[in-house]
Structures are given as structure tokens and as C-alpha cells.
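Trainee: I have this one open on my screen, and I would like to talk it through with you. Could we begin with how you use the word "contact"?
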Amino acid sequence: MQAYILSVAGAVLLSAVVSLILPEGKLAPLIRGMTKLITLVLLVSPLISLLRGEVFFSDGETVAEDEDFLLSCTQRVEENDEQAIAAWLEEEFGVSAFSEVQLETDGSYSAKAVTVRITDFGIYGEEEHIDISLRIEEKLETLFGCPVEVLS
């Protein structure tokens, strides 16, 4: 990027200097036109590179992912998902639970595993615990698309 800016600035300065010191004559308009054409080609060169599928502004360097940033973002998304699951379980099934969500740390935030520990089944009797656990497991597996474990 820096090389591009310097080349455009250099072409503009060169064009200005040539226009100032060039004597009036038959070749003057031709030389001024050539310097303007060179400047125009330099300005349009990123578009030409883009059309060819080349990366113009990278200077050949690969940009490394900031693993600490991705990890921090992943942890925040996990915490939000865990809180959302707890609120959903309270609202949908009337049970209190803690959840743990494990996401991929590659920036895709896709779920690897979900674990739900039910602390209070609320109004459900002893026989209904198993049915509620299975329903919770099925719904969370559909929602997250990964293995879900429901513990009581």
C-alpha cells in the first residue's frame, strides 16, 4: 500500500515538474499527455490487479489471526450462549440449570459440545425427569448441531 501511494505521488510530482520546465513547442502537448497517461495507469493499477484475481495491497505478507482475540471472542459467545440456554430452559421447561458450551476457536463459533446440568426440575415429578431431559437434549442438539449431554 505504501509503495502504491509513493508511486502515485511520484508520478504526480514528476508530471507537475515536467509541465513547469517543458518549453512550449510542438512536443510539449505530447509529453504532458504521456505524463498524465502514466499517472492514470498508476491510479488504475489496483483495479487491474483486482480483475486478475491478485491481491494488490498485501505486499506478499500473510495476515496472521490474532489467537488471543479469537479466544476472547469465543469465550464471550460461549458465555452468552450459556446464559441464553439457562433462560430458555427456565422459560420453556420451568427448570433451573447451568450450561457449558464449547465452541470452535477458529472464528466460526460452531458448537463442539453442550453440557447442561439441571439443578432443579421445578414442578416435574420423579418419572417425568427422564422425559424432560430427553426433550431438552433433542431440542439443543437441533439448535446447536452438536452432541448435547443433560445431567441431573
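Mentor: Contact here means heavy atoms within 4.5 Å. Please also keep in mind that this is a predicted model.

Trainee: Okay, so what does F98 touch, leaving out residues up to four places away in sequence?
Mentor: With those neighbours set aside, F98 touches T115, V116, R117 and T119. F98 itself belongs to strand 1, and its C-alpha atom is separated by 8.3 Å from that of I85, a residue 13 positions away along the chain.

Trainee: Is F98 buried or exposed?
Mentor: F98 is exposed, because its relative accessible area is 61% and the class begins over 50%.

Trainee: Let me step back a bit. What secondary structure does the protein chain have?
Mentor: The protein chain has four helices and three strands, and along the sequence these follow the pattern α-α-α-β-β-α-β. Of its 152 residues, 24% count as buried. Among contacts with a separation of 6 or more, 53% are between residues 24 or more positions apart.

Trainee: And how are the three strands arranged?
Mentor: They form an open sheet in the order 1-2-3, with mixed pairing. The edge strands are strand 1, residues 96–103, and strand 3, residues 148–151, each of which pairs on one side only. From one strand to the next, the twist averages 15°.

Trainee: How many bridges join strand 2 to strand 3?
Mentor: Four bridges join them, and the two strands run parallel, strand 2 being residues 111–120. If you want a place to look, V114 stands opposite V148 in strand 3.

Trainee: Which strands does helix 3 lie across?
Mentor: Helix 3 lies across strand 1 and strand 2, and runs at about 150° to strand 1.

Trainee: I was looking at E78 in that region. Where is it placed?
Mentor: E78 is in helix 3, which covers residues 67–92. Leaving aside neighbours within four places in sequence, E78 is in contact with V101, Q102 and L103.

Trainee: How many salt bridges does the count come to, then?
Mentor: The count comes to two salt bridges. In one of them the side chains of E24 and R32 meet, with 3.2 Å from N to O. E24 is exposed, because its relative accessible area is 68%.

Trainee: What about K139, which residue does it form a salt bridge with?
Mentor: K139 forms a salt bridge with E92, and their closest N and O atoms are 3.6 Å apart. This pair links distant parts of the chain, since K139 lies in helix 4 (residues 128–144) and E92 in helix 3, 47 residues apart. K139 is partly exposed at a relative accessible area of 39%, and E92 is likewise partly exposed at 40%.

Trainee: Staying with helix 4, is S133 buried or exposed?
Mentor: S133, which is found in helix 4, is buried, because its relative accessible area is 13%. Not counting residues up to four places away in sequence, S133 touches I118, F121 and V150.

Trainee: New topic, cysteines. How many disulfides does the structure hold?
Mentor: The structure holds zero disulfides. As for the cysteines themselves, C73 counts as buried at 18% relative accessibility, and C146 is buried with a relative accessible area of 7%.

Definitions and conventions: Residues are numbered from 1 along each chain as its sequence is written. This is a predicted model: local features need pLDDT of at least 70, side-chain atom pairs count only at pLDDT 80 or more; totals for chains, interfaces and linings use all residues. Side-chain values use heavy atoms; hydrogens and water are left out. Two strands pair if DSSP finds at least two bridges between them. Axes are lines fitted to C-alpha atoms, for helices over the stretch in contact, and angles run from 0 to 180 degrees between N-to-C directions. A disulfide is a pair of cysteine sulfur atoms within 2.5 Å. Buried means under 20% relative accessible area, exposed over 50%, partly exposed in between (1.4 Å probe, protein chains only). A salt bridge is a side-chain nitrogen of Lys or Arg within 4 Å of a carboxyl oxygen of Asp or Glu.
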